[in-house]
Amino acid sequence: MSTQTITIKIKILPDEEQSKLLHEFREKYSLACNYVSEYTYKTHVYGRQHLHKIFYRDIRENFNLKSQIACSVVRTVSAKYSSLKSNHMDWTKIQFKPQCELVRNKDYSLTRDNCFSISTLQGRIKVPYTNKPFEKY
């Protein structure tokens, strides 16, 4: 039996303070990715386990990111460089723009009161959202 993944886009509707918290979170995540990317580019080492051993504590301490997010940073960088290699592209330094990769039910969840609950550097916040085209899912 195979598993099927369905990706659904939702539009979050943060207020001004929530937008600030989310922006700050994305900035830190990207800085951490670029920190790991610098090493990966110089050493050509992009295995997730290897990067995890080297950077997990640094990411937690220097970027103030929670455990799951620190793992996501490593996974993101490793995946980008793996893709570069598997697609036979020239080895180049990957620069990350503000973004974040989140794990469902750990970094974010959809609540019963129709909010998008997401981790930030200051803790979790609940943000209203809309999903009009995808309500049936």
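Which residues line the largest cavity?

Analyst: The largest cavity is lined by Phe-25, Asn-64, Leu-65, Lys-66, Ile-69, Ser-119, Thr-120 and Leu-121. This is a predicted model, in which local features need pLDDT of at least 70 and side-chain atom pairs count only at pLDDT 80 or more, while totals for chains, interfaces and linings use all residues. Residues are numbered from 1 along each chain as its sequence is written, and side-chain values use heavy atoms, with hydrogens and water left out.

A cavity is a set of points on a 1 Å grid over the protein atoms alone where a 1.4 Å probe fits but cannot get out, and its lining residues have an atom within 4 Å of a point. The search of the whole structure returns one cavity of 30 Å³ or more, and the largest cavity holds about 40 Å³ of space. Its lining comprises four nonpolar residues, three polar and one charged; Tyr, Cys and Pro are counted as nonpolar here, and Gly as polar.

The largest pocket (an open set of points with protein on both sides within 12 Å along at least five of seven lines) contains about 1,000 Å³ of space. It is lined by 33 residues, and Ile-8, Ile-10, Tyr-108, Leu-110 and Phe-116 lie nearest its centre. At least two lining residues each come from H1, helix H3 (67–86), strand S2 (108–110) and strand S3 (115–120), with H3 giving the largest share, four residues. By class, this lining has 18 nonpolar, nine polar and six charged residues.

These elements belong to a protein of three helices and four strands, arranged β-α-α-α-β-β-β from the N terminus on. Helices (at least four residues) and strands (at least two) are DSSP runs. The C-alpha atoms fill a box of roughly 45 × 40 × 25 Å along the principal axes.

The axes of helix H1 (residues 16–43) and helix H2 (residues 48–63) come within 11 Å and cross at roughly 145 degrees, angles running from 0 to 180 degrees between N-to-C directions.

Notes
Grid points are joined across faces, edges and corners, and a volume is the space filled by probe spheres set on the points.
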